[in-house]
Amino acid sequence: MPSDEALYEALLGGDLKAFDALYARYERHLFGFIRKHLQDAHEAEDVLHETFLAVLRDRAGARAARSFRAWLFQVARHLCLNRHRSAHRATRALKKEADSPEAPSPGPEHALEHQQTRDALHKAVARLPLELGELYALRTQGMSYVEMADVLGLPLGTVKSRMHQLVKQLREEMHP
């Protein structure tokens, strides 16, 4: 049975069967590790896939010289920590909004207006071209511009430009 490093080197050489072997070797253990960090099984599965996507994105061999296993688990750990930070920021923002003394209790008119705005946004997003729709989906997952650039394989400037275009197009669609 080839070592992890040998399989990784084969993957760097373009052998996708080596990727399959690494995935089969680590899927169960890595998922268990991720589940210790994240309560939601679906979220843990997303992080598992993001971790293996990182392996594929690292095809240039930028991985540090340490063991493949240590690197793989470190990537998973960092992704889990990012999820925790994003969830913590969202919780703080919701708490801040709820604690705001200026926040009146929403009445039925406010709820209807909020629902209409959400519906308009969903319709506007559905009409976006694929490249802008991808950006919207990644941004709503809490990704930074740098992360989106990595995921899409685009320069950071292109992502920023497209985000500007996305905001402009959504604004025009929702407020003609």
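Here is a quick look at the salt bridges in this structure and the helices they connect.

This is a predicted model, so local features need pLDDT of at least 70 and side-chain atom pairs count only at pLDDT 80 or more, while totals for chains, interfaces and linings use all residues. Residues are numbered from 1 along each chain as its sequence is written, and side-chain values use heavy atoms, with hydrogens and water left out.

The model holds four salt bridges (a side-chain nitrogen of Lys or Arg within 4 Å of a carboxyl oxygen of Asp or Glu).

Helices here are DSSP runs of H or I with at least four residues, numbered from the N terminus. Asp4 is buried at 13% relative accessible area, whereas Arg25 is partly exposed at 24% (buried is under 20%, exposed over 50%, partly exposed in between, with a 1.4 Å probe and protein chains only).

Next up, Arg83 in helix H4 (residues 68-99) pairs with Glu43 in helix H3 (residues 41-57), 40 residues away. Arg83 is buried at 18%, and Glu43 is partly exposed at 26%.

As for Glu131, in helix H6 (residues 130-140), its partner Arg162 belongs to helix H8 (residues 156-174), so this pair ties together parts 31 residues apart in sequence. Glu131 is partly exposed, at 34% relative accessibility.

Finally, shared partners join Glu43, Glu50 and Arg83 into one salt-bridge network.

Conventions:
Helices (H or I, at least four residues) and strands (E, at least two) are DSSP runs, numbered from the N terminus.
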